[in-house]
Amino acid sequence: MSLDAISPSFAGRAAALPPAAWAVMRAVVFALFLRELKTRLGGRWWGVLWALGEPLAAAAVLLGLYMLVHAQAVGGVDPLLFLVSGVLPFQLFKNLVLRSMEAIDANQGLFAYRQVWPIDTVLARALVELPLAPGVLAVTLPALDSPAHH
């Protein structure tokens with residue numbers, strides 16, 4: 001299926017974009033990225049801690065519930081390792097998808113400017129969310145290798 005069958009206007013616009021239009025799109029996505037970053041993190045370091053701590057807090061709640069119900073490892077798999085390697089990446093992916101879906105509605109007023117396309121808002125929001133997953137895992141995985149965990 002070609003892009004013409006899905007959206008003739010987008011396919012025609014994307015194929016005919018001169019290099020200057022790509023530069024405009026990069027500038028728009030960068031500006032939207034900065035706007036989304038400030039909105040998501042609140043412009044303070046507490047926002048960064050919240051963005052990293054929110055998935056960890058959700059995993060801690062799930063771990064607590066699991067320990068209340070089972071209180072032992074199933075199949076020899078450490079529950080904390082299971083959460084970090086399975087549930088945490090799922091939560092981070094889910095957040096990326098859900099926040100990207102909301103990007104068009106949240107930035108509806110910007111579409112009055114002809115340089116701003118809906119895909120720009122989705123890309124900008126995804127670029128804000130994507131670095132959070134490696135950040136959370138970079139905080140969590142070394143903790144699993146610590147002597148306190150063994």
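With a relative accessible area of 1%, Asp120 is buried. This residue belongs to helix H7, and the structure described here is a predicted model. Leaving out residues up to four places away in sequence, Asp120 touches Met25, Val28, Val29, Leu32 and Gln115.

The protein chain holds 8 helices and 0 strands. Along the sequence the pattern reads α-α-α-α-α-α-α-α. Of the 150 residues in the chain, 25% are buried. Among contacts with a separation of 6 or more, 65% join residues 24 or more positions apart. The paragraphs below follow several of the helices and the residues that link them.

Helix H3 covers residues 19-41. Its 23 residues reach 33 Å from the first C-alpha to the last, close to the 33 Å expected at 1.5 Å a residue. After H3 comes Gly42, which has a positive phi near 75 degrees.

Arg40, in helix H3, deserves a look of its own. Its relative accessibility is 17%, so Arg40 counts as buried, the cut-off being under 20%. Residues up to four places away in sequence aside, Arg40 touches Ala51, Glu54, Arg99, Val128, Glu129 and Leu132. Ala51 is also one of the H4 residues that meet H8, and Leu132 is one of the H8 residues in that contact.

Glu129, one of the partners of Arg40, lies in helix H7. Glu129 is buried, with a relative accessible area of 7%. Not counting residues up to four places away in sequence, Glu129 touches Arg40, Leu96 and Arg99. Glu129 and Ser100 stand 29 residues apart in sequence, and their C-alpha atoms are 8.7 Å apart in space.

How are H5 and H7 placed relative to each other, at what angle and with their axes how far apart? The two helices pack at an angle of about 155 degrees, and their axes are 9 Å apart. H5 and H7 are therefore roughly antiparallel to each other, an arrangement assigned to angles over 145 degrees. The crossing of H5 past H7 is right-handed. From H5, the contact involves Leu96, Arg99 and Ser100, and from H7 it involves Val122, Arg125, Ala126 and Glu129. Sorted by class, the residues in the contact of H5 with H7 are 3 nonpolar, 1 polar and 3 charged.

The pairing of H4 and H8 gives another picture. Helix H4 (residues 45-69) and helix H8 (residues 132-144) pack at about 65 degrees, with 9 Å between their axes. That angle makes H4 roughly perpendicular to H8, since 65 to 115 degrees counts as roughly perpendicular. The crossing of H4 and H8 is right-handed. On the H4 side, Ala51, Leu52, Pro55 and Leu56 take part, and they meet Leu132, Gly135, Val136, Val139 and Thr140 in H8. By class, the contact of H4 with H8 has 7 nonpolar, 2 polar and no charged residues.

H8 can also be considered by itself. At 1.5 Å a residue, its 13 residues should span 18 Å, and the end C-alpha atoms of H8 are 19 Å apart, which agrees. Leu132, Val136, Thr140 and Leu144 are buried in H8. The buried residues of H8 pack against H3, H4, helix H5 (79-101) and helix H7 (118-129).

Finally, Val87 is found in helix H5. Is Val87 buried or exposed at 18% relative accessibility? At that value Val87 counts as buried. Apart from neighbours within four places in sequence, Val87 is in contact with Leu62 and Phe82. Val87 and Ala59 are 28 residues apart in sequence, while their C-alpha atoms are 7.4 Å apart in space.

Key: Residues numbered from 1 in each chain as written. Predicted model: local features only at pLDDT ≥ 70, side-chain atom pairs only at ≥ 80, totals over all residues. Heavy atoms only, no water. Axes fitted to C-alpha atoms, helices over the stretch in contact; angles between N-to-C directions. Helix = DSSP H or I, 4+ residues; strand = E, 2+ residues; numbered from the N terminus. Parallel < 35°, antiparallel > 145°, perpendicular 65-115°, else oblique. Left-handed = near helix turned anticlockwise from the far one by under 90°. Contact = heavy atoms within 4.5 Å. Nonpolar A, V, L, I, M, F, W, Y, C, P; charged D, E, K, R; others polar. Buried < 20%, exposed > 50% of the residue type's maximum accessible area, 1.4 Å probe, protein only. Expected span 1.5 Å × (residues − 1).
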